[in-house]
Amino acid sequence: MSSTVPATAAVVIVGAGPAGLTAAITLADAGADVVLLDRLAAGANTSRAAVVHARTLEVLDQLGIATTLHDLGLEVPRFVMYEGADRLTTIGFSDLPTPFPYTLMIGQETTEAVLLDRLQRAGGAVVRPVEVTEVKPGAEFVTVEFTDAAGRSGSIRAGYVIGTDGMHSRVREAAGIGFTGATYPESFVLADVRMDWPAARDEVSLHVSPEGIVVVAPLPDTDHDRFRIVATVAEAPEHPTRAQVQALLDARCPGATVREVLWSSRFRVHHRVADRYRAGRILLAGDAAHVHSPAGGQGMNTGIQDAAMLGTLLARVLGGEPDTLLDDYERTRRPIALDVVAFTDRMTRMATLRPRPARVLRNTAIRLVTRIPAVRTALAYRLAELANR
C-alpha cells in the first residue's frame, strides 16, 4: 500500500477495518478526496468477525460486492438454540423479504480483502502503517498528527475526520466523546477449528448450559470441516489449545471431535455506545461508536451499515449540501446501536443463566413463544438486521 500521506484532504478516515473501508469506498465513488490511515502494516489475517447478515449484504450490494462475498462464503439459513441435546427453537431466514435470505459465513480477512480491492478499483488506497498520535479539532478543519513506519512525524489537515479506529479510539478521545457502558465478567474463547461435528453445516447453533454458552458456526472450506467456536469462560487462556476447546465442547455440547485448532484467541466483551456520534468535524463509526456482545454476530454488520450511511451523507455535504445534513447520521444510527446493544445484552444474559429454576423457566418460555410464527419472523428480522432498513 501507499506510505505517503498528503498534506491536506477533504476527509481523513482513521482505521481500515470493514467500517473504515466501507466509508472510504462510498466517498471515493462520489469523487471525494479521502485518505484512509491505518496503524497496521497489513489488513486482517484472521477470521474474527465471520458473520455477514442480510441487511449488510443489501448495503454491500449497492457497492457491487455482495455477489463476490457470496461466492467466497457459505450460506447458512438457520439459527438454532440448544440445551444439551434438547433443541429449544429454530429461527429460519429463508422466507425473509430480501435477496439474501440467509446468514453468510465468511472470515473477516476475506471481507476486508474484498472491500480493499473494491476501494482500489474506486481509485483509493490505505496508507499504512501510520500511527495517529493526535487529532486536533478546529472550526474550519481538523489536524491529524501521525508517525510513519520510519518513525517520522507529520500531519494532515482535513475538512472532516471519521474515526473507525476501534474500541480504544484515539479519534473519539480527541473529540471528548464519552463511551458509556460496562464490561461482562466472563471472558470469551474464540477459535477456528477443524472438527467432526454431528449437526448439518446449514445452521449456526447456540448451546446454553450451566457451564456457559458455546456458539458453533460453519466456515467456508473445501473439506467441509472448518468451524468457528465462541464460548464464555471465567478466565480464558490466551490461546486455547485443541484439548481445551475439546473440553469446552464435551461439557456443553457433546458429540464433537476437534482435530486441529487453526487459530485461537481470548477477549473480553464490553457493551458501550458513544455518547455522541459527532463533535463538529469529527464523526465516529463502527467499534469506535459502539461495542457489544458477539451474540447474534451484530458488531461488524452494524459498523458497515454506519459507514455506508455516513459516507453517503458526507459525500453530499462535500458536494455542496448543508453541513447540518450530518446530524441525520447520529439521529438515525445511534438509536440503532443502543437497540443492538440492548438486544445482544439480553441474549447474552439469557443464555448464561446458571440456576436450574431460571434455566427451566427460560427454556419453557423460549419453546412456547417461538411456536408463534410472528415471533419467529420478528426474531429472524432482528438477527438479519432488516429492522434497521
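Predicted model: local features only at pLDDT ≥ 70, side-chain atom pairs only at ≥ 80, totals over all residues.
1. A pocket here is an open set of points on a 1 Å grid over the protein atoms alone, where a 1.4 Å probe fits, with protein on both sides within 12 Å along at least five of seven lines; lining residues have an atom within 4 Å of a point.

2. The volume of the second largest pocket is about 330 Å³, taken as the space filled by probe spheres set on the points.

3. Helix 8 provides the largest share, four residues. (Helices, H or I with at least four residues, and strands, E with at least two, are DSSP runs numbered from the N terminus.)

4. Now for a helix pair. Helix 1 (residues 18-29) packs against helix 7 (residues 299-318) at an angle of about 25 degrees, their axes 8 Å apart. So helix 1 is roughly parallel to helix 7, a label for angles under 35 degrees.

5. On the helix 1 side, Pro18, Ala19 and Thr22 are among the contact residues, and helix 7 contributes several including Gly303 and Ala307; contact means heavy atoms within 4.5 Å.

6. A note on the numbers: residues are counted from 1 along each chain as its sequence is written, and side-chain values use heavy atoms, without hydrogens or water. Local features need pLDDT of at least 70 and side-chain atom pairs 80 or more, while totals for chains, interfaces and linings use all residues.

Methods:
Axes fitted to C-alpha atoms, helices over the stretch in contact; angles between N-to-C directions. Parallel < 35°, antiparallel > 145°, perpendicular 65-115°, else oblique.
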